[in-house]
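Subject: Structure handover and notes

Hello,

Here is the structure for your files. Please open it beside these notes, which follow below.

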Amino acid sequence: MSSEPALIQAQAIQRVRGTNDVLPPADARLRGLEAELRAGFEAFGYQGIQTPIIEPLELFLRKSGEEIVARMYAFSHWNRRLCLRPELTASVMRAFLGDLQGHSLPLRFHYAGPSFRYERPSRARFRQFTQVGVELIGAAGPAADAEVLHLACRGLQDVGINRYRLIVGHLGAVLQLLAQLGMSEHAQGLVLDRMEPIGRGRLDVDKAVADVVGLLGGPAGGQANGAVSSGLPDALASLPPEQATAIAADILARASLPVEGGSRQARHIIQRLLAKANRPDPTDQVQAAFEFVGELQRLRGFEVRTGLERRGLSTAPLDEVEGALSLLSAYGPLGDGVEVEVDLSLARGLRYYTGLVFEIYVESEEGPLQVGGGGRYNDLVRALGGRASVPACGFSYGLERVDLARPALDQVVQPRVLVAAVSEQDHPAAVALAFKLRQVPGLVVEQDVRLRGPKAALRHADRSGILAVVLLGQQERDEGVAVLRDMRTRRETRVPLDQLAGAVRAVVL
Amino acid sequence: MLAAERRMSLRLALPSKGMEEDTLAFLGQCGLSVDRTNPRQYRARMRGLPSGPVEIVFQRATDIFDEVNAASVELGITGYDIVAEHRSEEDDVVLVHAELGFQRCSLVLAVPEGWVDVSSVADIAEVATELRASGRELRVATKYRNLTRQFLYDRGITYFELVEVSGALEAAPALDTADIICDLTSSGVTLRENRLKTIAGGTVLDSQACLIGNRRALLADHTSLEATRGLLELIEAHLRSRHQVSLTANMRGESAESVARRVLATGDVAGLRGPTVAPVFAKDPDPEGGAWFALTVVVSESGLLRAVEALRRAGATDVTATAVRYVFERDSWTFEALKRQLQPSKAGDPLKTRTRTTAWSSS
């Protein structure tokens with residue numbers, strides 16, 4: 001095959017799907033937006049923090065939930081399991097655990113940086129996107145929640161977004177119910193992971209129940225295809241555990257099924273077998289859990305409280321939400337364009353949230369656009385290896401989405417000036433002249449470096465939106481002047497060098 | 001120029017080793033013969049296409065995806081499991097025919113038989129958590145890293161480690177280099193011999209042989225696309241003909257119409273569209289009067305006896321049955337589908353349809 005001519009022409013290299021080249025002027029606009037948002041956070045005492053884009057995969061496996069984990073850019077590099085960060089909160093908390101634990105609490109951080117999720121790209125969803133956010137570490141309770149809520153609202157207001165919907169929820173309601181139902185942590189995770197797609201209408205409740213029951217081993221308790229009929233564990237269940245284990249091991253050995261499994265001990269295998277047999281069918285539990293989620297979605301206002309009370313659940317989650325919202329109003333009115341909604345079924349894609357959670361949506365032509373969200377995650381520090389749990393909360397914006405949602409900015413005309421030499425001999429003098437002009441505050445002074453003469457320089461200036469051109473030739477140098485051309489009026493004047501700065505300013509600023 | 005003259009209309013990679021025999025048998029059934037002067041040679045010619053001989057390159061099934069992607073061959077036959085594991089959003093490989101109907105197997109999770117407490121994927125999730133609590137990771141040996149990882153993640157299982165095993169994967173649990181495996185199985189015999197068992201919900205992928213092609217190479221060269229069409233026609237016609245039988249019979253009647261009506265009235269011999277009825281010019285005049293007609297109809301193998309019985313009831317004699325080798329339809333459906341796949345998909349790319357800022361759209 002190598003003897004044959006190349007049939008296929010070398011193809012241009014495309015950017016990776018779901019990523020963007022941020023070109024001018026979008027780059028300046030986005031950097032400006034990020035700076036504006038972060039400056040707002042600094043006024044509240046938040047300090048900037050940067051963490052690496054690559055992280056150990058493990059950091060996100062612990063508490064992120066399947067919505068995130070299944071969409072990570074993960075890879076092995078020299079036997080180290082790494083990933084591109086899908087978000088920044090876990091990284092900030094890892095940094096806190098590593099180096100900042102001795103500091104007096106609370107600690108306040110703001111950050112901005114690219115995050116990566118392997119999702120189907122769409123208008124406002126990219127595989128690389130920029131998170132801008134804050135974390136408030138070491139404070140529990142509605143006062144801290146309210147500060148974070150306020151920062152999220154205020155930032156939008158600062159950049160001109162006055163119409164949005166703030167949805168506030170609390171994981172506590174659902175977590176309480178799951179615990180009341182006696183669901184295992186694994187089962188709880190499976191339910192929590194499906195709350196978000198249900199809330200967004202991407203998954204219906206019956207399908208969710210079937211999925212979770214299936215993943216929990218099916219309605220029959222998962223005995224299908226098992227090596228042991230379900231009758232044996234039933235019979236053994238009535239015996240004391242040690243005796244049951246011994247008998248089971250003996251029977252299995254006689255059936256020439258030696259219980260051995262490399263890293264698993266026979267004792268564990270048999271204990272799990274017996275425990276499994278005693279476990280109830282998960283269908284009812286799962287059904288009840290999703291029914292509750294659906295109920296929380298439907299209930300409004302005071303019905304939520306009575307709904308919780310009817311099930312014998314604590315109303316503390318609702319109290320916390322109401323407490324935080326009433327404190328939020330102490331920061332000042334949100335404005336007429338802001339709708340606030342309480343929805344205790346709100347679950348974000350991340351599994352580490354433990355308390356109040358919120359999301360902010362802006363109405364766009366293509367429907368609601370989520371521009372930011374966050375919440376309280378009191379267990380993350382412990383999940384990441386901390387000795388005690390540290391209360392913390394935070395939120396982040398999707399920078400590109402905030403950009404998309406805010407009103408279009410007026411086109412800013414840059415005060416660009418081009419200084420060009422008439423011939424190569426004049427170039428050093430032109431460089432010195434440009435250097436002087438850059439002392440004028442606000443001026444953007446470009447130097448002609450192609451040295452193709454005044455005509456080419458003027459054509460370039462015309463095509464690239466340069467407002468003024470300063471030309472310098474032998475004759476001008478002899479006379480101590482420069483030619484200043486206003487590219488909009490096309491008028492040329494000969495200006496003495498000592499008056500040039502003022503004349504240029506008058507043309508472009 | 002010399003090289004261009006030597007080039008045949010199409011280059012097709014075929015799997016060597018395990019899949020070779022089945023692949024050659026399949027092509028043979030499609031009327032395509034591969035002559036290899038020497039079984040150790042890895043190049044051969046395939047005859048049977050009107051567009052001329054096809055250059056055959058024998059390669060390992062696992063390499064064929066890469067060879068097609070790199071356009072060193074236009075087409076290749078390999079396992080769907082390999083395509084599913086190796087394909088990415090931005091490769092140049094199109095699935096020309098997804099189901100060639102042979103080399104059927106499944107990619108499955110298998111656990112030691114001794115794990116009597118494990119019968120479903122849900123148990124795997126718990127065992128992974130249990131091992132994790134004792135400071136260990138569930139080790140999964142597989143050659144299908146992408147498919148396995150995604151399968152487990154999608155089921156909420158995140159605590160595991162994929163391990164690479166050289167040599168027989170099935171032996172990994174016994175040798176304690178892995179806890180469970182994810183591997184291909186067709187009959188399950190190898191798994192059982194290694195004291196492994198499959199579990200409920202543990203099928204990652206069902207696979208069979210498939211035909212893949214290089215998008216750009218097929219688009220760039222009209223002759224190879226035409227040759228591909230010929231190849232697909234034969235494959236499709238063969239696959240459609242499988243388990244079909246052509247029946248012919250003689251029947252007496254007043255007219256072709258009345259014979260056809262009687263046959264259709266039985267309900268069991270409708271054929272692909274309906275029976276073909278043609279007059280028979282009898283060598284001896286019929287003493288009972290009336291004319292003879294010959295009838296041809298294609299039925300499925302499973303309905304053969306029922307169809308013969310129905311024909312007898314309608315008055316047919318001399319029923320013969322022949323296996324159908326090809327069924328050609330008016331258009332090759334898979335070729336039409338291939339042409340659609342080859343269309344550049346730019347219109348559907350959401351990044352290209354952004355309206356607001358020019359700087360974000362593609363350059």
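Two strands count as paired if DSSP finds at least two bridges between them. Strands themselves are DSSP runs of E with at least two residues, and helices are runs of H or I with at least four, both numbered from the N terminus. This is a predicted model, in which local features need pLDDT of at least 70 and side-chain atom pairs count only at pLDDT 80 or more, while totals for chains, interfaces and linings use all residues. Residues are numbered from 1 along each chain as its sequence is written, chains are lettered from A and ligands numbered from 1 in the order in which they are written, and side-chain values use heavy atoms, with hydrogens and water left out.

Strands of chain A

Strand 10 (residues 367-376) of chain A pairs with strand 11 (residues 392-398) of chain A in the antiparallel sense, over five bridges. Within this pairing, Gly374(A) stands opposite Phe395(A) of strand 11. Strand 10 of chain A is also joined to strand 9 (residues 356-364) of chain A, by eight bridges and again antiparallel. There, Val362(A) has Leu369(A) as its bridge partner. Strands 9 and 10 of chain A form a hairpin, with two residues between them. Nine of the 10 residues of strand 10 of chain A are buried (buried is under 20% relative accessible area, exposed is over 50% and partly exposed is in between, with a 1.4 Å probe and protein chains only).

Strand 12 (residues 416-421) of chain A runs parallel to strand 13 of chain A, and four bridges join them. One of the bridge pairs is Leu418(A) with Glu446(A) of strand 13. In a regular strand the side chains alternate between the two faces of the sheet.

Aromatic rings

Over all chains there are nine aromatic pairs (rings of Phe, Tyr and Trp, the last by its six-membered ring, with centres within 6.5 Å; planes under 30 degrees apart are stacked, over 60 edge-to-face and the rest tilted). Phe395(A) and Tyr397(A) make an edge-to-face pair, 4.9 Å centre to centre with 85 degrees between the planes. Phe395(A) is buried at 2% relative accessible area, and Tyr397(A) is buried at 1%. In chain B, Tyr153(B) and Phe160(B) form a tilted pair, 5.5 Å centre to centre and 55 degrees between the planes. Both Tyr153(B) and Phe160(B) are buried. Phe395(A) and Tyr397(A) also belong to one aromatic cluster with Phe41(A) and Phe358(A).

Arg132(B) lies over the face of Tyr159(B), 4.1 Å from the ring centre (the rule asks for NZ of Lys or CZ of Arg within 6 Å of the ring centre and within 35 degrees of the ring normal).

Helix 6 of chain B

Helix 6 (residues 145-154) of chain B has buried residues at Leu147(B), Thr148(B), Phe151(B), Leu152(B) and Tyr153(B). After this helix comes Gly156(B), with a positive phi near 75 degrees.

Regards
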